Amino acid sequence: MVDAVDAWKNSLSIECRNLYTKFSDIYSVRTRHAPVVIPDSFIPKVLRWLGNSKQLLEGARSQLITSIENLYTQESTIFNPIRSKRPGAAGGATSETLEYVSELLQATEKDCDFCKYKNNTARDPFGSVDSQFTLTVSNTFKVEKFHSLVLWKHHNPLAIEEHELLDAMDTAQKWFQRAHAWDKHYTIPQVFWDTLPRASASQMHPHLHVTLAREHYYARWNHLYFAAKKYAEGHNGENYFSVLTKIHNALGLGVQFGSASVLAYLTPTASHEIVLLSEKPSRDLYLLLYACISALRDDMELYALSTGMVFPKLIPSPDGGDLPAIIRIVYRGAAESTRADIDSFQLFGTVNVNVDPYMTIRHIRKSVARQKERSL
């Protein structure tokens with residue numbers, strides 16, 4: 001990352017240097033080395049953690065720490081690749097993972113309320129949106145006046161296929177329209193999706209939380225809204241998200257699919273965070289979403305995922321400065337792990353992520369290429 005930024009900064013191309021200026025206007029990058037003295041008695045154990053790599057041991061003695069801060073959103077992330085080798089930090093599926101998920105599926109299906117949605121779920125006053133693969137039910141314990149669930153009509157959250165995801169997104173958009181018709185003051189569509197208990201899913205059965213808010217975005221989306229607004233005000237109305245996409249593409253951290261883009265985010269909130277952007281909800285965006293999920297779930301065997309989505313307001317603001325369609329996906333850790341994926345440092349300090357975003361985007365790029373072949 002740092003080498004790429006340095007090369008970019010010193011490019012002979014005026015266009016590249018101009019884009020680097022935009023990068024440095026948004027991002028602050030800082031590096032430092034942290035020296036560590038490892039006693040001889042401790043070396044054998046550290047070496048085991050490092051896969052018996054003497055090269056990594058030397059890296060552990062002088063650890064390169066990189067901080068990236070977004071000056072507009074105030075998001076900041078610290079990267080230290082060596083930390084990914086610490087005990088309990090490994091990702092990806094193991095035989096224990098697959099056995100755990102299989103047992104959890106069997107244990108939860110028999111008494112699953114969502115499988116018995118006809119009798120064991122609540123309803124919205126404006127009825128349910130029911131399609132071939134999904135349907136909506138009201139959330140019994142709400143966080144918003146309009147807060148419902150989109151349920152898939154099968155129990156396995158790791159078996160959602162492309163057509164089923166497209167169906168769910170279409171069902172969500174129809175629910176937004178019904179809720180908005182019931183009360184025109186509610187205009188801000190949002191979706192929240194957790195897969196597996198490790199990602200805080202309260203039910204094993206796959207489902208989306210759909211909410212419609214009024215007046216302003218929820219806090220995290222609001223940060224992006226004000227950041228984009230501030231950037232536009234200081235840059236002759238230039239679109240913040242377009243610049244963000246250009247920056248990530250220039251660094252090799254972006255992939256385009258039709259009218260939608262995906263970025264391996266420079267300031268992730270958790271491991272493997274990717275951000276999808278599109279001017280509005282579209283089939284391209286949903287197909288790209290499936291390609292990303294396929295890369296994470298099927299190629300990288302990362303099963304516990306949390307996803308947040310926000311879509312353009314159903315009644316646009318007069319100033320035209322509303323958020324576009326944004327989808328953020330993060331990995332929450334090994335499905336069977338009992339270790340929390342958030343600590344006091346992240347709650348009260350800053351985010352520490354030790355996964356190389358270039359590794360994530362490589363898998364995303366391959367999956368998007370397959371998606372493009374299927375779409376021809």
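# Sheet and helix packing in a predicted model

Strand E5 is covered on both faces: Phe 146, Ser 148, Val 150 and Trp 152 are buried on one side, and His 147, Leu 149 and Leu 151 are buried on the other. The model is predicted. E5 belongs to an open sheet of nine strands with antiparallel pairing. Helices H9 and H12 pack on this sheet. Two helix pairs are also described below: H10 with H12, and H2 with H9.

**The sheet as a whole**

- The strand order is E4-E5-E7-E6-E11-E12-E10-E9-E8.
- The edges are strand E4 (134-138) and strand E8 (254-257), each of which pairs on one side only.
- From one strand to the next, the twist averages 20°.
- In general, the strands of a sheet pair through backbone hydrogen bonds, either parallel or antiparallel.

- Strand E5 spans residues 146-152, and seven of its seven residues are buried.
- E4 and E5 are joined by five bridges in the antiparallel sense.
- Within this pairing, Leu 135 has Leu 151 of E5 as its bridge partner, and Val 137 stands opposite Leu 149 of E5.
- E5 also pairs with strand E7 (residues 207-214), in the antiparallel sense and over six bridges.
- Phe 146 has Leu 212 of E7 as its bridge partner.

- E8 pairs with strand E9 (residues 260-264) over four bridges, in the antiparallel sense.
- Gly 254 stands opposite Leu 263 of E9.
- Helix H9 (residues 240-250) packs on the sheet and touches E8, E9, strand E10 (274-278) and strand E12 (325-331).
- The direction of H9 makes about 60° with that of E9.
- Helix H12 touches E8, E9 and E10 as it packs on the sheet, and its direction makes about 15° with that of E8.

**Helices H10 and H12**

- Helix H10 (residues 283-299) packs against helix H12 (residues 357-375) at an angle of about 130°, and the two axes are 8 Å apart.
- H10 and H12 are therefore oblique to each other, and their crossing is right-handed.
- H10 contributes Leu 287, Leu 288, Tyr 290, Ala 291, Cys 292, Ser 294, Ala 295 and Asp 299 to the contact.
- H12 contributes His 363, Ile 364, Ser 367, Val 368, Arg 370, Gln 371, Arg 374 and Ser 375.
- By class, this contact of H10 with H12 holds eight nonpolar, five polar and three charged residues.

**Helices H2 and H9**

- Helix H2 (residues 14-26) packs against H9 at an angle of about 110°, with 10 Å between their axes.
- Angles of 65 to 115 degrees count as roughly perpendicular, and H2 and H9 are therefore roughly perpendicular to each other.
- The crossing of H2 and H9 is left-handed.
- From H2, Leu 19, Lys 22, Phe 23 and Ile 26 meet Tyr 240, Val 243, Lys 246, Ile 247 and Ala 250 of H9.
- The contact of H2 with H9 has seven nonpolar and two charged residues, and no polar ones.

Note on methods. Residues are numbered from 1 along each chain as its sequence is written. This is a predicted model: local features need pLDDT of at least 70, side-chain atom pairs count only at pLDDT 80 or more; totals for chains, interfaces and linings use all residues. Side-chain values use heavy atoms; hydrogens and water are left out. Axes are lines fitted to C-alpha atoms, for helices over the stretch in contact, and angles run from 0 to 180 degrees between N-to-C directions. Angles under 35 degrees count as roughly parallel, over 145 as roughly antiparallel, 65 to 115 as roughly perpendicular and the rest as oblique. A crossing is left-handed if the near helix is turned anticlockwise from the far one by less than a right angle, and right-handed if clockwise. Contact means heavy atoms within 4.5 Å. Ala, Val, Leu, Ile, Met, Phe, Trp, Tyr, Cys and Pro count as nonpolar, Asp, Glu, Lys and Arg as charged, and the others, Gly among them, as polar. Two strands pair if DSSP finds at least two bridges between them. Buried means under 20% relative accessible area, exposed over 50%, partly exposed in between (1.4 Å probe, protein chains only).
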